[in-house]
Amino acid sequence: MADLADVRTGRHCVSALHAHLVFVTKYRHKVFSNRHLTRLEEIMRAVCADFETELVEFNGENNHVHLLVSFPPKVAISKLVNSLKGVSSRRMRQEFPELTRHYWRAQRLWSGSYFAGSVGGAPISVLHQYIEQQNRPV
């Protein structure tokens, strides 16, 4: 059962929904440094707030990011992912022009695919620990 802090209450429902999302850079290029990941986290937190979701945990490596998101039942994961990837790609390419040299032809930061897994089998604390232990580049 979810901790009481993880439970969301709405007018007609009570839920504890979490998703583990993984986004990979286009062509798996190693483009992120620590400053890129720090800014990505800020952007993605803002997008999640717009969707009334919570970015519980964020981390990544030089070619992918992991997100742990808590969301209400009214949010479609596919729409959240579309906004997270679209907004972050656009803003990162604007703020860090050096990222575009990896993608001179395809004006996209992210691969077209993504991983979304419902979290519930493993305790959330294990997933927290897994994401925290990603090897963040310096």
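The model is predicted. The protein chain holds three helices and six strands, and 42% of its 138 residues are buried. Its second largest pocket has a volume of about 220 Å³.

**Fold and dimensions**

- Read along the sequence, the elements of the protein chain follow the pattern β-β-β-α-β-β-α-β-α.
- The radius of gyration of the protein chain is 15 Å, which agrees with the value near 14 Å that a compact globule of 138 residues would have.
- The C-alpha trace spans about 50 × 30 × 20 Å along its principal axes.
- Of the contacts between residues at least 6 apart in sequence, 73% join residues at least 24 apart.

**Surface and burial**

- The protein chain exposes about 8000 Å².
- Buried residues account for 42% of the 138 residues in the chain.

**Second largest pocket**

- The volume of the second largest pocket is about 220 Å³.
- The pocket is lined by 14 residues, and those closest to its centre are Asn82, Lys85, Gly86, Arg108 and Trp110.
- Two elements, helix 2 (77-95) and strand 6 (110-118), each give two or more residues to this lining.
- Helix 2 provides the largest share of the lining, with seven residues.
- By residue class, the lining of the second largest pocket consists of seven polar, four nonpolar and three charged residues.

**Phe115**

- Phe115 lies in strand 6, an element that also gives two or more residues to the lining of the second largest pocket.
- The relative accessibility of Phe115 is 43%; because this falls between the 20% limit for buried and the 50% limit for exposed, the residue counts as partly exposed.
- Beyond its neighbours within four places in sequence, Phe115 is in contact with His20, Leu21 and Val22.
- Cys13 lies 102 residues from Phe115 along the chain, and the C-alpha atoms of these two residues are separated by 27 Å.

Methods
Residues are numbered from 1 along each chain as its sequence is written. This is a predicted model: local features need pLDDT of at least 70, side-chain atom pairs count only at pLDDT 80 or more; totals for chains, interfaces and linings use all residues. Side-chain values use heavy atoms; hydrogens and water are left out. On a 1 Å grid over the protein atoms alone, a cavity is a set of points where a 1.4 Å probe fits but cannot get out, and a pocket is an open set with protein on both sides within 12 Å along at least five of seven lines; lining residues have an atom within 4 Å of a point. Grid points are joined across faces, edges and corners, and a volume is the space filled by probe spheres set on the points. Helices (H or I, at least four residues) and strands (E, at least two) are DSSP runs, numbered from the N terminus. Ala, Val, Leu, Ile, Met, Phe, Trp, Tyr, Cys and Pro count as nonpolar, Asp, Glu, Lys and Arg as charged, and the others, Gly among them, as polar. The radius of gyration is taken over C-alpha atoms; the globule rule is 2.2 Å times the number of residues to the power 0.38. Buried means under 20% relative accessible area, exposed over 50%, partly exposed in between (1.4 Å probe, protein chains only). Contact means heavy atoms within 4.5 Å. Accessible areas come from the Shrake-Rupley method with a 1.4 Å probe; for residues, only the protein chains shown count as cover.
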